Amino acid sequence: MKTKPGYLIVGNWKMNKGPAEAKALTADIVRAVGDTRCTVAICPSFISLAAVSGQLKDSPILLGAQNCAEKESGAYTGEVSPAMLKEVGVSYVILGHSERRQHYGEGDSLIAARLRGALGAGLLPILCIGESEQQREKNLTEQLLSAQLEGALSGLTAADIKNIAIAYEPVWAIGTGKTATTEQAEQACAYIREQLRLMFDDITADGTKILYGGSMNAENASALLSCQSINGGLIGGASLKSYDFAEIAAAASRLENGHAY
Ligand code: PGA
């Protein structure tokens with residue numbers, strides 16, 4: 001088994017679980033995940049962050065948010081600033097999720113601004129990129145991935161990139177039960193790493209965590225996480241089931257440092 005340290009497993013709860021349910025699910029997840037060798041984070045909705053934060057106090061599991069504003073404060077009705085997220089104990093923030101791009105019109109320049117705001121507040125952004133089914137059919141996957149990377153990351157320094165993870169999430173695989181094959185996932189993630197090499201340098205490219213997301217579950221996690229270019233997972237549906245999510249974290253833990261245990 002190859003050595004590939006530093007797995008990151010992130011649960012994206014999307015618009016599910018208000019504070020009471022979120023607390024109960026967190027308690028279950030903390031119990032099920034137990035001591036983990038990989039980094040694990042869960043991302044509840046804004047309204048449940050404070051409740052979950054309290055619940056995670058003595059646990060190795062970290063807290064993430066599903067978005068953040070690009071501004072520090074002010075007249076931006078409905079938005080939540082990076083500093084507010086920090087205040088409730090958030091470490092990670094998902095940015096540029098395809099559901100935000102698709103349903104809420106978030107484009108590359110807004111995502112780039114949000115990424116900078118998050119970094120400025122000391123949050124760790126997870127930048128989501130990925131092609132639609134149509135783009136894949138038209139062989140536009142790589143073009144799209146590099147455009148999304150450029151759009152969000154150009155102008156940042158290698159030091160900034162150290163704090164950013166990239167999630168490759170083919171839109172056609174999200175919530176559909178239609179997982180990318182290990183070949184498709186590996187090819188796209190390897191391509192993303194090569195783009196980072198071109199945009200930044202070898203150390204940055206090799207040190208960046210690239211996650212796969214899109215119908216990852218307890219059954220397929222091990223195979224996907226074993227791919228050379230994949231350093232973790234962004235998990236939607238399966239992160240709402242404590243047992244399944246813990247199984248995925250356990251698969252990553254087994255691969256961590258190349259030890260099977
Ligand atoms: P899924 O969602 O695991 O339900 O496909 C992944 C995501 O949207 O981050």
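How do the axes of helix 1 (residues 19-33) and helix 12 (residues 242-255) cross, and within what distance do they come? The two axes come within 9 Å and cross at roughly 40°. The model behind these values is a predicted one, in which local features need pLDDT of at least 70 and side-chain atom pairs count only at pLDDT 80 or more, while totals for chains, interfaces and linings use all residues. Residues are numbered from 1 along each chain as its sequence is written, and side-chain values use heavy atoms, with hydrogens and water left out.

Back to that helix pair. Two packed helices are described by the angle between their axes and the distance between the axes. Helices here are DSSP runs of H or I with at least four residues, strands are runs of E with at least two, and both are numbered from the N terminus. An axis is a line fitted to C-alpha atoms, for helices over the stretch in contact, and angles run from 0 to 180 degrees between N-to-C directions. On the helix 1 side, the contact (heavy atoms within 4.5 Å) is made by Leu25, Asp28, Ile29, Ala32 and Val33. Helix 12 brings Ser242, Phe245, Ala246 and Ala249. Sorted by type, these residues come out as 7 nonpolar, 1 polar and 1 charged. In this sorting, Ala, Val, Leu, Ile, Met, Phe, Trp, Tyr, Cys and Pro count as nonpolar, Asp, Glu, Lys and Arg as charged, and the others, Gly among them, as polar.

The largest nonpolar core has 66 residues, and helix 12 gives the most to it, with 7 residues. Such a core is a set of buried Ala, Val, Leu, Ile, Met, Phe, Trp, Tyr and Cys residues joined through side-chain atoms within 4.5 Å. Buried means under 20% relative accessible area, exposed means over 50%, and partly exposed is in between (1.4 Å probe, protein chains only). Within the core, Leu153 and Leu225 touch the most other members. Setting aside neighbours within four places in sequence, Leu153 is in contact with Leu115, Arg116, Leu127, Ile161, Ile164, Ile166, Leu196, Met199 and Phe200. There is also a second, separate core of 12 residues, and Ala41, Ile94, Ile126 and Ala167 are included in it.

Charged pairs come next. Side chains of opposite charge can pair when their charged atoms come close. The structure holds 13 salt bridges, each being a side-chain nitrogen of Lys or Arg within 4 Å of a carboxyl oxygen of Asp or Glu. One of them joins Arg114 and Glu79, at 3.0 Å from N to O. Arg114 sits in helix 5 (residues 108-120) and Glu79 in the loop between strand 3 (62-65) and helix 3 (82-87), so this pair ties together parts that are 35 residues apart in sequence. Arg114 is buried, at 5% relative accessible area, whereas Glu79 is partly exposed at 36%. Both belong to a network of salt bridges that links Glu70, Glu79, Arg100, Glu106 and Arg114. Elsewhere, Arg197 pairs with Asp202 at 3.1 Å and with Asp206 at 2.8 Å, N to O. Arg197 is partly exposed at 23%; Asp202 is partly exposed at 47%, and Asp206 is partly exposed at 48%.

A few single residues round out the picture. Leu124 belongs to strand 5 (residues 124-129) and is partly exposed, with 25% relative accessibility. Beyond its neighbours within four places in sequence, Leu124 is in contact with Ser91, Tyr92, Val93 and Asn163. His103, in helix 4 (residues 98-104), is exposed at 51%.

Lys17 has a phi near 70°, a positive value in a residue other than glycine. Lys17 lies in the loop between strand 1 (8-12) and helix 1 and is partly exposed at 27%. Ser215 likewise has a positive phi, near 55°. Ser215 is found in the loop between strand 7 (210-213) and helix 11 (221-225), and is buried at 17% relative accessible area.
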